Each structure stands twice: as structure tokens, then as C-alpha cells.
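Hello,

Here is the structure I promised to hand over. My notes on what turned up in it follow below.

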Amino acid sequence: ASLNDMARGAWDSVVKIPLRGLTRWGNTCYVISGAQVLMRVPAVVEWLIRHSHDGCPGEKSTCVLCALFQTYCQVLDGSSNQRKCCPVLVQRRGFVHECFGDRRQHDAVEFFEKFFDAAREVEIEACRCSFWGGVQIGASMVTHADRVFRFIVETRRRCKACKHEVRSWFYVERVLKLSLIHI
């Protein structure tokens, strides 16, 4: 089978999410917008389904992946549109990081970054990771969150003394930083 056929098959195996939104509860648009994006990425949905199927290493009540999966299920069954039904990820946003436990407005990008840090910890705890040697990161392990939402940056330096030896460093990034070009 071609790569295109395999990708189409993977997409077909993921339940397509209906075009409905999530009800906003107070200053939670940063959570809602993040959940809306994540629930429409096939690799994330497949990851959530497998996480739920394989079992959660911690308590389901504190796991950010379980909270996103339960929110996904709310959207699928239509309960996310009901006024009385608060999305699970909104209810448990403080588990992403304690700074989100208040009622203030927060930055969506910061929420995404903290969400993936928390998800990464869950996956490492469940031993759903592999060694990522040579990359400068807190723990030299790679998880599904890293594979989908990070990329490797290589920095090379040539030795000034001998002009031939080159040293390389590898580190991970989540946000592509581009220099502004002055015209």
C-alpha cells in the first residue's frame, strides 16, 4: 500500500469530529481554542484513543490526556453544546499547570506548551517513550507529544584553531523562531 493509502486509512480509523464548538465558561477561551485545534489533528485523536485504550498510568482525574479525551467524547456525543455541561479539560485546566487554576485569562500558546509538558510526563511515566540520544532536553526520552509537536535544531561550529573539526549540538524546539527581515 502507498503512503497516501496508509494515511487515508489512519484518518478513516479516527472518528471524524462534528463541526460543533465547546461552550466557553468564563475566561477559558485559551483552553477551548487549544482543545478545538487538538481534537482536529488526526495524530492527536489517535494518540488520545490509544492512551485511553492502553490505560492511564495515573489517576484519570488528574491526567491531561484523559481530560482532553473526555472533552473529545463530549463533543462527539453532543453534550458539549449544552449550557450545563462544562468541558472536562476546562474543569481540569489547573492540572495542566497550577497557573491555569484561577479564573483569569491566559495565553493560549503558554497553555499549549504546558499541556504538552504535562502530557509528556504522563507518557514517560507510562513507559510509552523511547530513548532520544544526543538531544539536549530535560530527559533524553521521546514521546508521541515530541514526535508530533517538536522538531530538532542542529547547531554546528567549526574549530577556529584547526578549521576542520566541526562540533554539533542538537536541541528541541516547539516554536519556530524566524528573524525579521528589514527591507
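Let me begin at the end of a helix: α7 is followed by Cys127, whose phi is positive, near 60°. Helices here (H or I, at least four residues) and strands (E, at least two) are DSSP runs, numbered from the N terminus. Cys127 takes this positive phi of about 60° although it is not a glycine, and its place is the loop between α7 and β1 (130-131). Cys127 is exposed, with a relative accessible area of 64%; exposed means over 50% relative accessible area, buried under 20%, and partly exposed in between, with a 1.4 Å probe and protein chains only.

Before going on, a word on the basis: this is a predicted model, in which local features need pLDDT of at least 70 and side-chain atom pairs count only at pLDDT 80 or more, while totals for chains, interfaces and linings use all residues. Residues are numbered from 1 along each chain as its sequence is written, and side-chain values use heavy atoms, with hydrogens and water left out.

The overall layout

The chain has 8 helices and 5 strands, and along the sequence they follow the pattern α-α-α-α-α-α-α-β-β-β-α-β-β. Of its 183 residues, 34% are buried.

Helix α7

The expected span is 1.5 Å times one less than the number of residues. At the start of α7, a side-chain oxygen of Asp107 comes to within 3.2 Å of the backbone nitrogen of Val109. Buried in this helix are Phe111, Phe115, Phe116, Ala118, Ala119, Arg120, Val122 and Glu123.

Arg120 has a partner: a polar contact of 2.9 Å joins its side chain to that of Asp146. A polar contact is a pair of N or O atoms within 3.5 Å; within protein, one must be able to donate a hydrogen and the other to accept it, and residues adjacent in sequence count only if both atoms are side-chain atoms. Asp146 lies in helix α8 and is buried, with a relative accessible area of 3%.

Is α4 enclosed or open to the outside? 10 of its 14 residues are buried, so α4 is largely enclosed by the rest of the structure. Among the buried ones are Val64, Leu65, Leu68, Phe69, Thr71 and Gln74. From its first C-alpha to its last, α4 reaches 20 Å, close to the 20 Å expected at 1.5 Å a residue.

In soluble globular proteins, nonpolar side chains tend to be buried together. The largest nonpolar core here has 34 residues, of which Met39, Trp47, Leu65, Leu68, Leu89, Phe111 and Phe115 touch the most other members. Such a core is a set of buried Ala, Val, Leu, Ile, Met, Phe, Trp, Tyr and Cys residues joined through side-chain atoms within 4.5 Å. At least two residues each come from α2, α3 (42-54), α4 (64-77), α5 (88-91) and α7, and α4 gives the most, with 8 residues.

The cavity and the pocket

The whole structure holds 1 cavity of 30 Å³ or more, and the largest cavity contains about 30 Å³ of space. Its lining is Gly34, Ala35, Leu38, Leu89, Phe111, Phe112 and Phe115, with α2 (29-38) and α7 being the elements that give two or more residues. By class, this lining has 6 nonpolar, 1 polar and no charged residues.

The largest pocket, with about 220 Å³ of space, is lined by 2 nonpolar, 3 polar and 6 charged residues. Among them are Glu46, Arg50, His51, Asp54, Glu123, Arg128, His144 and Arg147. The elements that give two or more residues to this lining are α3 and α8 (144-149), and α3 has the largest share, 6 residues.

For the terms: on a 1 Å grid over the protein atoms alone, a cavity is a set of points where a 1.4 Å probe fits but cannot get out, and a pocket is an open set with protein on both sides within 12 Å along at least five of seven lines; lining residues have an atom within 4 Å of a point. Grid points are joined across faces, edges and corners, and a volume is the space filled by probe spheres set on the points. Ala, Val, Leu, Ile, Met, Phe, Trp, Tyr, Cys and Pro count as nonpolar, Asp, Glu, Lys and Arg as charged, and the others, Gly among them, as polar.

Best wishes
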